[in-house]
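Come along while I jot down what I look up.

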Amino acid sequence: MLLLIFFFQDGKTAEDLACNEQHELIVSLFGKLKKDNHKLTYTQQLRPTHTVQPRIKLKLFGHSGSGKSTLLESLKCGILRSFFRRRRTRMTNTARHPNSPLSSKPAVSVSISNLYPGCENVSVRSRSMMFEPSLTKGVLEVFSPVHNGLSAADEQATKAIDIQHANIHGVGDFSVWEFSGNPVYYCSYDYFAANDVTAIHVVLFSLEESYETQLSHVTYWLNLLKALTLPQHNIVFGGRIPQPLTVVLVGTHADVADIPRSFSGDFSYDKERTLLKEVRNRFGNDLQISDKLFVMDAGASNSKDMKLLRSHLQDLRSTIISRCSPMTLLSERLMAALPTWRKMSGPNQLTSWQQFVFDVQEHINPLVSHDYLRTLALQLHSMGEINIMQSETVQDVVLLEPRWLCSNVLGKLLSVETPKAIHHYRGRYRLDEVQTLAPDSDVDELLQILDAMDICARDATNPSMVDIPALIKTNGLQRSWTEEEEEEALLYGGVRLVPAEHLTAFPCGLFHKLQVNLCRWSHQQKPEDDSSEELDGDIHLWINGARVSQAGAEAMIVLVNHGQGIDIQVRGPDSQRAKCYSLLDTMCSITENLLASTLSGLLTAKYYLSPQQLKEHHTPIMVYQPKDFFRAQVQRETSLTNTMGGYRESFSSILAFGCAEVYQQGILGTHIHISDVPLLARRKLCRMLDPPDALGKDWCLLAMNLGLTELVAKHSNGTPNGTPNGTANLDLGTPPEDMPLPPSPTAALLQEWSARPDSTVGVLMSRLRELGRRDAADFLLKVSPVFKVNMEAVGTSSGYTPSCNGGTSYNSISSVISR
């Protein structure tokens with residue numbers, strides 16, 4: 001709250017002094033406060049009332065056909081409405097499914113990689129067609145996936161993110177955000193999926209699929225929520241997330257999958273405990289996952305299973321709202337003013353944070369401070385009234401009407417229903433074509449916003465064109481490296497980036513965003529004179545792939561293993577070894593910066609590809625993992641055995657294209673300083689070493705082995721092995737409500753130890769093995785860097801600074817809001 005002090009100096013009031021100093025805003029404020037009733041009203045507006053927050057967000061996630069829309073409609077149904085709806089659906093289901101769905105033969109056959117990322121074990125039926133129940137016609141619409149999972153036009157399919165204020169029968173009011181299962185929209189989800197700790201996140205999966213596919217689907221969406229959670233630099237005990245997102249798991253299509261019922265009438269799924277235990281083991285430290293898996297027919301709105309889900313949602317809603325701040329008269333005034341502000345905002349519903357603050361102070365309450373309004377805006381964000389796009393430290397942009405961007409713009413721009421959205425095979429459009437897709441928007445400002453969100457890339461060399469990689473239709477290069485005749489001997493090398501903790505696809509449309517950043521890099525590399533045939537930065541895009549060139553070297557970036565890895569392969573002349581490494585380093589930097597800014601909670605590992613097999617175009621290719629280099633380094637070897645090719649390859653050829661200048665400037669795995677180990681890796685080590693071990697093989701003994709015995713007494717606090725009071729027997733996945741989370745002793749140990757110049761990955765790994773903690777040593781081995789080189793010292797730095805905007809680095813957005 002702004003404190004105003006009236007004082008006198010030489011007979012002058014504060015208003016007189018402000019006027020003399022030409023502080024117009026302060027003079028205006030004093031003018032508004034001259035009337036006593038105004039001062040009282042403004043003050044009362046800032047005080048909390050007895051009114052609780054009326055709604056929170058309910059977010060629905062799941063692959064296409066998992067039943068998100070059907071479940072929402074059932075949750076909203078009252079008893080009478082559910083009776084008629086159930087009867088209509090049952091009649092159409094009989095006609096729609098005359099035979100068992102598992103025995104039905106598919107009408108279409110497509111590759112699993114074209115369905116959705118991260119699913120290897122999908123039934124034949126699911127690969128060929130997906131089913132989405134209609135909510136208005138009472139029929140099941142069928143559509144076949146095409147390139148990259150794009151669905152044919154389906155009136156009932158969710159477009160992008162469908163937002164609605166809904167009352168769930170017997171539960172209360174929610175702002176419901178339903179995220180489409182169509183992968184074309186995933187590149188926009190990082191801004192809306194997991195930026196609200198007061199929301200309930202419901203993850204749905206179909207019980208018609210095999211158990212492996214069910215686990216794969218659930219893992220994909222939970223990994224997305226985890227990856228979008230900002231890591232805390234101050235790591236707490238056990239590496240926990242202080243405010244984990246609330247997650248509920250729902251298995252649908254239980255009736256079609258012939259799941260048996262128990263004597264009480266509810267479905268009895270024999271793999272419920274197994275799946276829930278596996279999921280909680282993987283994500284229980286990062287997400288607050290409900291103890292029960294809800295198994296149901298999503299269309300049976302009055303079933304016992306649906307009533308149990310409603311009851312659980314009611315309990316979660318009550319608990320969350322009890323922790324939310326109560327409403328104020330100011331928040332109610334602001335909610336009432338929002339419809340008018342939306343009408344006045346023009347074609348685009350975004351405004352800068354500074355303008356938002358000014359409007360509130362100017363038109364509603366001049367006493368509100370920036371800090372107070374920040375808290376109020378977060379409350380409106382929690383209710384779904386607005387959406388705040390923010391950086392880690394400051395809120396920059398306010399989306400006044402989330403439906404405008406999430407449903408309107410993204411739903412139309414990335415849809416396959418408009419012919420203009422699919423006839424350009426490589427995702428390149430003219431501005432007038434984009435304008436037809438979003439006719440009610442200011443196209444120039446809109447494209448700046450989408451560019452800042454890494455959804456599209458404006459071409460600075462051709463301002464009338466824009467690249468939208470999510471809409472690329474061509475599948476593969478016209479001529480690949482294997483089909484080209486090499487005029488001279490070329491060197492090859494490459495890396496593979498993979499998620500380090502869970503075997504699942506990269507989430508959140510990451511590769512589409514990577515293609516955007518590669519387009520941006522390509523535009524920056526083009527010279528003003530573009531008459532030459534081979535241009536630096538020349539780029540070719542296709543579904544799940546990109547090809548760029550620079551200074552005679554060429555890079556291929558490809559999504560592999562059904563989205564579970566990104567290969568960056570580089571080739572070039574023997575005389576350009578250093579430039580080949582420079583291009584590889586640049587491509588890795590672009591990708592890793594994008595990962596850090598968009599999926600900051602996702603830990604990745606870097607593997608290296610066999611240069612000899614790349615040169616021979618041999619598949620499958622040998623992939624060298626960090627453990628291979630560390631093991632060879634310990635044995636004082638400088639080469640690795642290619643077990644697939646039957647020969648050895650030198651560190652220099654694998655890591656640096658055989659360039660002695662680069663290799664000699666590098667630092668190898670065991671000698672890399674512990675401070676270069678990623679924050680997320682250190683957090684995982686804290687999870688492994690903080691809990692007390694029965695044999696003492698935890699952080700206490702590690703501290704003594706590292707010569708930091710004094711830290712044991714400092715962080716133990718009089719409890720065994722430094723275990724916080726009340727947490728000795730606590731399951732890390734289910735912390736009690738409101739339990740204070742003390743700092744991690746392992747994190748403090750690593751922080752203290754990292755001040756020493758000789759604190760290397762090799763030393764820590766050796767100490768962990770001596771301690772008997774092979775699990776922690778193996779994990780450290782998997783995620784530690786293998787090779788680090790200072791490119792400036794080599795003198796081959798590309799001079800390019802990666803400029804990805806990313807889903808959590810929102811500062812770039814504020815610069816495009818011109819209001």
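Is Tyr189 buried or exposed? I checked, keeping in mind that this is a predicted model. Tyr189 has 1% relative accessibility, so it counts as buried, the cut-off being under 20%.

**Entry: the sheet**

I traced the strands next. Six of them make an open sheet, ordered E4-E5-E1-E6-E7-E8, with mixed pairing. The edges are strand E4 (161-168) and strand E8 (287-295), each of which pairs on one side only. On average, neighbouring strands in this sheet are turned by 25° against each other, direction ignored.

Strand E7 (residues 245-252) pairs with E8 in the parallel sense, over six bridges. Thr246 stands opposite Gln288 in E8. I also found helix H7 (residues 211-227) lying across strand E1 (56-61), strand E6 (200-206), E7 and E8, and it runs at about 160° to E6.

**Entry: Phe179**

Where does Phe179 sit? I found Phe179 in strand E5 (residues 172-179). Phe179 is buried, as its relative accessible area is 0%. Beyond its neighbours within four places in sequence, Phe179 touches several residues, including Lys59, Phe61, Ile161, Tyr189 and Phe192. I also noted a gap of 7.5 Å between the C-alpha atoms of Phe179 and Thr158, which are 21 residues apart along the chain.

**Entry: rings**

I searched the whole structure for aromatic pairs and got 17. One of them is Phe61 with Phe179, a stacked pair at 4.5 Å centre to centre with 20° between the planes. Phe61 is in strand E1 and Phe179 in strand E5, 118 residues apart, so I wrote this pair down as a link between distant parts of the chain. Phe61 counts as buried too, at 1% relative accessibility.

**Entry: Ser345**

My last stop was the loop between helix H10 (329-344) and strand E9 (350-352), where I found Ser345. Ser345 counts as buried at 10% relative accessibility. A polar atom of its side chain lies 2.9 Å from the backbone oxygen of Arg342. The side chains of Ser345 and Gln349 are joined by a polar contact of 2.9 Å.

Terms used
Residues numbered from 1 in each chain as written. Predicted model: local features only at pLDDT ≥ 70, side-chain atom pairs only at ≥ 80, totals over all residues. Heavy atoms only, no water. Helix = DSSP H or I, 4+ residues; strand = E, 2+ residues; numbered from the N terminus. Buried < 20%, exposed > 50% of the residue type's maximum accessible area, 1.4 Å probe, protein only. Contact = heavy atoms within 4.5 Å. Polar contact = N/O pair within 3.5 Å; in protein donor to acceptor, adjacent residues only side chain to side chain. Pairing = 2+ DSSP bridges. Axes fitted to C-alpha atoms, helices over the stretch in contact; angles between N-to-C directions. Phe/Tyr/Trp six-rings, centres within 6.5 Å; stacked < 30°, edge-to-face > 60°.
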